[in-house]
Amino acid sequence: MYSKQDIERVRQAADIRDFIPNLKGHGTSKYCTCPSCGKSGTNKGLIVTHKGNLDIAKCFSCGYTINGAVNAVEVYDKVDFVTALKTVADRYGIFLQEEKSSRKPPKTQPKQPKKNPFQKSFCDKQLEASGLTYEDVKAIVHLPDNSGTYETSPFRKGGVNSQFDVNNNDDEMVIYYYDLEGYPMQYASRGIAGKPKNYIRVRWSNPEAHLDMNARPIKYQTPKGAQTTIYIPQYIRNIYQSNGVVETLLVQEGEKKAEKACKHGIPSVGIQGIYNIGNTQTGLIKELQYFIQRCKVKNVILMLDSDWNHLHREIAIGDRVDQRPNQFSKAVIKFKTFLLTMHN
């Protein structure tokens with residue numbers, strides 16, 4: 001390892017603008033496309049600033065932050081801290097002297113387990129438990145100015161505050177929604193007059209720390225006031241955009257389940273709950289309608305979770321024992337009623 005003095009020398013000498021590609025603008029602050037949300041522009045993309053002791057890049061759309069040149073190399077070159085430090089030091093001709101400890105641990109001292117410098121995030125573990133990798137869940141998304149597309153993951157490490165602003169330093173799982181054309185889905189945070197925000201959901205690592213108005217734990221949370229919609233994997237977008245034909249489409253609860261089915265060639269979209277397939281005013285969710293119509297879908301199957309027939313968690317004396325199966329059956333009837341409107 002290297003001394004704190006050497007590390008500080010590298011940081012003081014470095015300019016973050018030398019390690020972030022495709023920068024635009026002049027002066028102390030430049031800008032480029034944010035690698036997290038894909039937005040670009042002088043006031044909404046990744047603003048890269050080097051002035052005095054300030055050496056930072058921050059996205060004013062999603063809050064994504066890169067602290068210094070070394071961190072920039074870690075992000076864009078996808079390397080560990082030591083490799084990034086050497087890269088920056090070499091750029092400025094700074095010699096790094098590796099420190100070696102002269103003290104030897106006593107023979108009786110038990111060996112300490114090695115720390116994993118690449119500890120898995122909660123998002124990593126969630127995908128792995130579902131049999132998915134980041135290669136399986138990529139999305140091809142349009143740049144905000146329609147100048148092209150970029151590849152990103154809808155599943156990312158991060159968290160949200162009470163206004164559903166993203167903090168990429170939290171260790172929750174944030175799920176980004178994109179429509180059939182590859183644009184970020186959006187909602188108005190304060191009704192129709194509110195500024196549109198990207199539609200996301202968060203999967204909390206500790207649901208008991210996030211309670212609803214009835215003091216029940218929240219596992220998945222959606223922005224307050226946001227409309228109900230479906231999760232669309234890239235596999236489904238590819239079929240839609242190429243005017244493909246699908247004989248059978250699965251509709252099931254959960255984004256990861258939809259991605260898992262698509263990984264194995266089974267067309268599927270995800271819903272946020274058994275009742276979240278539409279409403280009496282507009283019928284089926286419009287994205288689902290568009291896909292069924294364009295891709296000439298013959299069969300749409302609602303896939304229920306395996307716990308459809310379990311007892312209700314908060315069942316009390318006097319409650320019906322078939323309360324949960326009865327709720328699921330009503331959801332199936334509602335689903336069938338909406339689907340029948342698609343017949344021509």
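Two residues are in contact when heavy atoms of each lie within 4.5 Å. In this predicted model, local features require a pLDDT of at least 70 and side-chain atom pairs a pLDDT of 80 or more, while totals for chains, interfaces and linings use all residues. Residues are numbered from 1 along each chain as its sequence is written, and side-chain values use heavy atoms, with hydrogens and water left out.

Of the contacts with a separation of 6 or more, 56% join residues 24 or more positions apart. The protein contains eight helices and 17 strands (DSSP runs of H or I, at least four residues, and of E, at least two, numbered from the N terminus). Of its 344 residues, 40% count as buried, that is, under 20% relative accessible area with a 1.4 Å probe and protein chains only, whereas exposed means over 50% and partly exposed in between.

Beyond its neighbours within four places in sequence, Ile292 contacts Leu284, Val297, Val300, Leu339 and Met342. In soluble globular proteins, nonpolar side chains tend to be buried together.

Val321 is placed in the loop between β17 (299-303) and α8 (323-340). Val321 counts as exposed because its relative accessibility is 60%.
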